[in-house]
Amino acid sequence: MTTVSNGTVMTVVASALSRALTISEVQDAAGISCNILMNPIARPPEDVTPRIMLLLGERFPNEPITLDIARAAPFSFFGGLAEGARFADDLRTAIKLLTKNCSVISDQLELAFQENSSEAKIVSSHPMNHIDNGRSAEIGSASIARLFSEFLGLSDCFKRITFSHEPNCDVQHYVDYFGVPVEFNASEISLILKPEKLDEPIKQANVELFNYVQTHLSGVKKQIEAAKEPKELKALRNAAAENARAGLFSAVSVAVAANMSVRTAQRIAAENGTTVQGLIDKIREHRAMELLRDNRNDIGSIAFLLGYSDERAFRRAFQRWTGQTPSDFRKQLNKAIE
């Protein structure tokens, strides 16, 4: 199981509750209890944030929710990276700290710093961006922009912003927030910087504190790695994957394949913030996306291969996972290839 910093999750949960969503609604969307969601030392599964953001997007369509969250988010959102960036010599060094240690925020988050003679940019990617139509990516990009201006005291750093998805509200909201042109349906998610800003010094630069933070972050990453998936949960996940290849999708079959009783399997899953059925559905989701990439696979056949009683049941499940119908997901893939 890949995980995310709870500073990120708590920020999104707080926003959802402030908009009058109930605890029950948030828990149902996340798939885990609020005891885990609001535990500052926990690292929930990575799909928690996009699933809550998907619910917010459905409940408040066309509203600049992501930008509102970024405006209000505490800098603990960055899991300690903000403090480190503040002690860097200049913006370039701060950016390198962020990109090198971005796994502290999210296991699968990738931040890359690219620089040449004419342009510099931070490129972001995450395999779960499709779940909430890039809303989580918008929060991340908007939070980085705010980090630079408010926390580091470096204003007017950007030339333009690009997102690989469609806008979730009127584009003018994004332009007003970032203060630069914002492009959607681009080839990548990126923050394009003014090259001359990279050498701009940070007022609170401190070599000793910066080195201390780097050492601390290295230790944090080792702790995160050590705390990753217990072997019992990994056994269940592997059993679910093997069963899926054989067309078996029941909790009982997973427990048997993992040499456990159903009760033990459910307990282990619950202790790790999920359910056996949740593990099965996650594998179904990933398998569905693989099958949809091949246009020769019709929707009905995919539903059968994934163990659904009929095509309609599969469509409902896929829309719950991704916020899209299988047909819409396939159209988006084909469009990207074109």
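This is a predicted model: local features need pLDDT of at least 70, side-chain atom pairs count only at pLDDT 80 or more; totals for chains, interfaces and linings use all residues.
Of the 338 residues of the protein, 51% count as buried. The secondary structure consists of 17 helices and 5 strands. The radius of gyration is 21 Å, close to the 20 Å that the globule rule gives for 338 residues, so the protein is as compact as a globular protein of that length. Along the principal axes, the C-alpha atoms fill a box of roughly 60 × 40 × 40 Å.

When contacts between residues at least 6 apart in sequence are considered, 70% of them join residues at least 24 apart.

Cysteines come next. A disulfide is a covalent bond between the sulfur atoms of two cysteines. A search of the whole structure finds 0 disulfides. Cys-157 is accordingly in no disulfide, and the nearest cysteine sulfur, which belongs to Cys-102, is 19 Å away. Because a disulfide requires a pair of cysteine sulfur atoms within 2.5 Å, a separation of 19 Å leaves Cys-157 without a partner. Cys-157 has a relative accessibility of 2% and therefore counts as buried. Cys-34 is also buried, with a relative accessible area of 13%.

Helix H8 spans residues 135-151 and contains Ser-141. With a relative accessible area of 5%, Ser-141 is buried. Which residues are in contact with Ser-141, leaving aside its neighbours within four places in sequence? They are Phe-163, Phe-178, Ile-189 and Leu-191.

Beyond the neighbours within four places in sequence, the contacts of Asp-281 are with Tyr-308, Arg-320 and Trp-321.

Other helical residues are exposed. Ser-18 lies in helix H1, made up of residues 6-18, and at 60% relative accessibility it counts as exposed. Between the C-alpha atoms of Ser-18 and Gln-324 there is a separation of 26 Å, the two residues being 306 apart along the chain. Helix H11, residues 231-245, includes Arg-245. Arg-245 counts as exposed too, at 63% relative accessibility. From the C-alpha atom of Arg-245 to that of Leu-292, 47 residues apart along the chain, the separation is 16 Å.

The loops bring a further set of residues into view. Between H8 and strand S3 (158-162) runs a loop in which Asp-156 is found. Asp-156 has a positive phi of about 55° although it is not a glycine. Is Asp-156 buried, exposed or partly exposed? It is partly exposed, with a relative accessible area of 49%.

Asn-259 also has a positive phi, near 60°, in a residue other than glycine. Its loop connects helix H12 (251-257) and helix H13 (262-271). The relative accessible area of Asn-259 is 74%, and because exposed means over 50%, this residue is classed as exposed.

With 46% relative accessible area, Pro-127 is partly exposed. The C-alpha atoms of Pro-127 and Glu-25 are separated by 25 Å, and along the chain these two residues are 102 apart.

Technical notes. Residues are numbered from 1 along each chain as its sequence is written. Side-chain values use heavy atoms; hydrogens and water are left out. Helices (H or I, at least four residues) and strands (E, at least two) are DSSP runs, numbered from the N terminus. The radius of gyration is taken over C-alpha atoms; the globule rule is 2.2 Å times the number of residues to the power 0.38. Buried means under 20% relative accessible area, exposed over 50%, partly exposed in between (1.4 Å probe, protein chains only). Contact means heavy atoms within 4.5 Å.
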